[in-house]
Amino acid sequence: VTGVQPCALPILTCAGSLERDPITASRVRGLAATLGLDARVEWRGDLDPDNLRACYQRVHVFVSASRRETYGMALADALAHGLPVVATRVGAADSLVGTTAGLVVPADDVAALADALEHLLSDGHLRARLAAGARDRRTQLPSWDDAVARFIRVLDTLPPAAPHD
């Protein structure tokens, strides 16, 4: 990425299971090695809440290049930690990130994802503005209690189930 000063620290931290989909994990790790980036990628695996919080505190940008997503708990979690986001337009990404907390690009558009990352990583003012937007968005995200109450309200509007034979 242009405009970013080289450093000895990893440029990418990957958190999440390496065993849930071992074929994909192996392909991604192999690609990093093929590109000569394996020394710059940190593979953290599953993290407990304390280690995940520590990870969020030391990174500058959260990237989610999902092809499929329902709600986007990882996006909401990143916003709750005040991180600017680059995400693909799947699930609730648009409504979670909005226009003030990150950049949302079409899924499977590698060029758009690369452009958004380059723009965010090379523009400190943009990164600071979107981080401020993420901190603001976190105050607007529903709590678990709010989400449960909303779910119950929806269930209450449904007709009773028909008896089964």
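Helices and strands are DSSP runs, numbered from the N terminus; a helix has at least four residues and a strand at least two. The protein has seven helices and five strands on this basis. The model is predicted. Along the sequence, the elements follow the pattern β-α-β-α-β-α-β-α-β-α-α-α. The C-alpha atoms fill a box of roughly 65 × 40 × 35 Å, taken along the principal axes. The protein has 165 residues, and 25% of them count as buried.

Three strands form an open sheet, in the order 3-4-5. Their pairing is parallel. Strand 3 (62-64) and strand 5 (102-105) stand at the edges. Each of these two has a single partner strand, so one side of each is left without a neighbour in the sheet. Neighbouring strands are turned against each other by 10 degrees on average, direction ignored.

Strand 4 spans residues 85-88. Strand 3 and strand 4 pair in the parallel sense over three bridges. F62 has V85 of strand 4 as its bridge partner. V63 stands opposite V86, again in strand 4. The side chains of strand 4 point two ways. V85 and A87 point one way, while V86 and T88 point the other way. All four of these residues are buried.

F62 also takes part in an aromatic contact. A pair of aromatic rings is described by the distance of the centres and the angle of the planes. The count comes to one aromatic pair in this model. The partners are Y56 and F62, with ring centres 6.4 Å apart. Their planes stand at 45 degrees, so the pair is tilted. Planes under 30 degrees apart would count as stacked, and those over 60 as edge-to-face. Y56 has a relative accessibility of 9% and counts as buried. F62 counts as buried as well, at 17%. The cut-off for buried is under 20% relative accessible area.

Charged contacts form a further group. Side chains of opposite charge can pair when their charged atoms come close. The count comes to four salt bridges. One of them joins the side chains of R58 and E42, at 2.3 Å from N to O. R58 lies in helix 2 (residues 49-58) and E42 in strand 2, so the pair ties together parts that are 16 residues apart in sequence. R58 is partly exposed, with a relative accessible area of 41%. E42 counts as partly exposed too, at 22% relative accessibility.

Another salt bridge is formed by D108 and R67. Their closest N and O atoms are 2.7 Å apart. This pair links distant parts of the chain, 41 residues apart. D108 sits in the loop between strand 5 and helix 5 (110-122). R67 sits in the loop between strand 3 and helix 3 (73-80). Both D108 and R67 are exposed.

D94 has a relative accessible area of 39% and is partly exposed. R89 counts as partly exposed, with a relative accessibility of 43%.

The surface also carries a nonpolar patch. I11, L12, L31, L35 and L37 form this patch. Together they have about 460 Å² of accessible area. L35 lies in the loop between helix 1 (22-34) and strand 2 (41-45). L35 is exposed, with a relative accessible area of 55%. The cut-off for exposed is over 50%.

Helix 1 also holds R29. R29 counts as partly exposed, at 39% relative accessibility. R29 and W43 are 14 residues apart in sequence. In space, their C-alpha atoms are 8.7 Å apart.

Technical notes
Residues numbered from 1 in each chain as written. Predicted model: local features only at pLDDT ≥ 70, side-chain atom pairs only at ≥ 80, totals over all residues. Heavy atoms only, no water. Patch = residues over 30% accessible without salt bridge, like charges linked within 9 Å, V, L, I, M, F, W, Y side chains within 5 Å. Areas by Shrake-Rupley, 256 points an atom, 1.4 Å probe, with all protein chains shown as cover. Buried < 20%, exposed > 50% of the residue type's maximum accessible area, 1.4 Å probe, protein only. Phe/Tyr/Trp six-rings, centres within 6.5 Å; stacked < 30°, edge-to-face > 60°. Pairing = 2+ DSSP bridges. Axes fitted to C-alpha atoms, helices over the stretch in contact; angles between N-to-C directions.
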